[in-house]
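Hello,

Here is the structure I promised to pass on to you. Have a look at it first, and then read my notes below with the model open beside you.

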Amino acid sequence: MLMLLWSIVLLHLTTLVLLFISTSVNAWFQKDHITKDLWMQYENTTSGWQGQSSFSDEWLQAVQAMMILSIIFSILSFCLFFCQLFTLQKGGRFYLTGGFQLLASLCVMSGASIYTARHVDWNAKLIPGGFGFAYILAWVAFPLTFISGVIYVVLRKRE
C-alpha cells in the first residue's frame, strides 16, 4: 500500500511539474530565430534576444487562463489528497481529489486545443516554424493528469 501511495504522489508531482514548465517556458512555437510562448515573443537579433509582450487576442488569454487554472486545480487536488488521506474513513473514496484532478485535465486539454486551433492566425508569417517542447509537454501533461484523476476516483482508503 505504501508503494501505491508513493507512486500516486510521484505521478501527481510529475504532472504538476509538467504543467508548471509548459505554462512558463517560452517554447510553444519556434522558428529559426523566433520563439513564442503564452506570455512573450522573443527574437534573436544581432544585439541578443529581444522580448516583447505577446498579442492580447482573446483566444490567447483563454489559453493562458486554462493553463493557470489547470495548475491551480492540480495544486488543490494535491492538498485535498493529503487532507482526505488523514480524515477520510476506511473504505472511503477520494472523489473530491479526483474531481479536481479531472478538472485540471480538462483545462489542460482545452488550453492546448485552443492553441492548436488558433495558432495559425497568430503565427501566419511564421508558418514554416513548428511547435516547441512546452506545447508538447502540455499535451503530455493532459493524459497523465487524466490518469491521475481516474486513479484518485477509483482509489479507496485502507488502513
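Let's begin inside. The largest nonpolar core has 18 residues, and those touching the most other members are Leu19, Trp28, Leu38, Trp59, Val63, Met67 and Tyr115. At least two residues of this core come from each of helix H1 (2-24), helix H2 (58-87), helix H3 (95-122) and helix H4 (133-154). Another core lies apart from it and has eight residues, including Ile8, Phe94, Tyr152 and Leu155. As a general point, nonpolar side chains in soluble globular proteins tend to be buried together. Please keep in mind that this is a predicted model.

Now for the overall plan. The protein chain has four helices and five strands, and from the N terminus on its elements run α-β-β-β-β-α-α-β-α. The chain has 159 residues, of which 38% count as buried. If you take the contacts between residues at least 6 apart in sequence, 71% of them join residues at least 24 apart.

Next, the helix pairs. Two packed helices are described by the angle between their axes and the distance between the axes. For H1 and H2, the angle is about 160° and the axes are 9 Å apart. Angles over 145 degrees count as roughly antiparallel, so H1 and H2 are roughly antiparallel to each other. Their crossing is left-handed. On the H1 side, the residues making the contact include Leu5, His12, Thr15, Leu16 and Leu19, while H2 brings Met67, Ser70, Ser74 and Phe78, among others. By class, this contact of H1 with H2 has 14 nonpolar, seven polar and no charged residues.

H1 also packs against H4: their axes come within 8 Å and cross at roughly 150°. That makes H1 roughly antiparallel to H4 as well. Here, too, the crossing is left-handed. Among the residues in this contact are Ile8, His12, Thr15 and Leu19 of H1, and Leu137, Leu144, Thr145 and Tyr152 of H4. The residues of the contact of H1 with H4 divide into 15 nonpolar, five polar and no charged.

- Ser74 lies in helix H2. Is Ser74 buried or exposed? Its relative accessible area is 0%, so Ser74 is buried. Leaving out residues up to four places away in sequence, Ser74 touches His12, Thr15, Leu16, Leu19, Gln101 and Ala104.

- Thr145 is in helix H4. With a relative accessible area of 0%, Thr145 is buried. Which residues does Thr145 touch, not counting those up to four places away in sequence? They are Thr15, Gln101, Ala104 and Ser105. You can find Thr15, Gln101 and Ala104 among the residues that Ser74 touches, too.

- Leu102 is found in helix H3. Its relative accessibility is 28%, so Leu102 counts as partly exposed. Leaving aside neighbours within four places in sequence, Leu102 is in contact with Phe146, Gly149, Val150 and Val153.

Happy exploring, and do write back with any questions.

Best wishes

Conventions
Residues are numbered from 1 along each chain as its sequence is written. This is a predicted model: local features need pLDDT of at least 70, side-chain atom pairs count only at pLDDT 80 or more; totals for chains, interfaces and linings use all residues. Side-chain values use heavy atoms; hydrogens and water are left out. A nonpolar core is a set of buried Ala, Val, Leu, Ile, Met, Phe, Trp, Tyr and Cys residues joined through side-chain atoms within 4.5 Å. Buried means under 20% relative accessible area, exposed over 50%, partly exposed in between (1.4 Å probe, protein chains only). Contact means heavy atoms within 4.5 Å. Axes are lines fitted to C-alpha atoms, for helices over the stretch in contact, and angles run from 0 to 180 degrees between N-to-C directions. Angles under 35 degrees count as roughly parallel, over 145 as roughly antiparallel, 65 to 115 as roughly perpendicular and the rest as oblique. A crossing is left-handed if the near helix is turned anticlockwise from the far one by less than a right angle, and right-handed if clockwise. Ala, Val, Leu, Ile, Met, Phe, Trp, Tyr, Cys and Pro count as nonpolar, Asp, Glu, Lys and Arg as charged, and the others, Gly among them, as polar.
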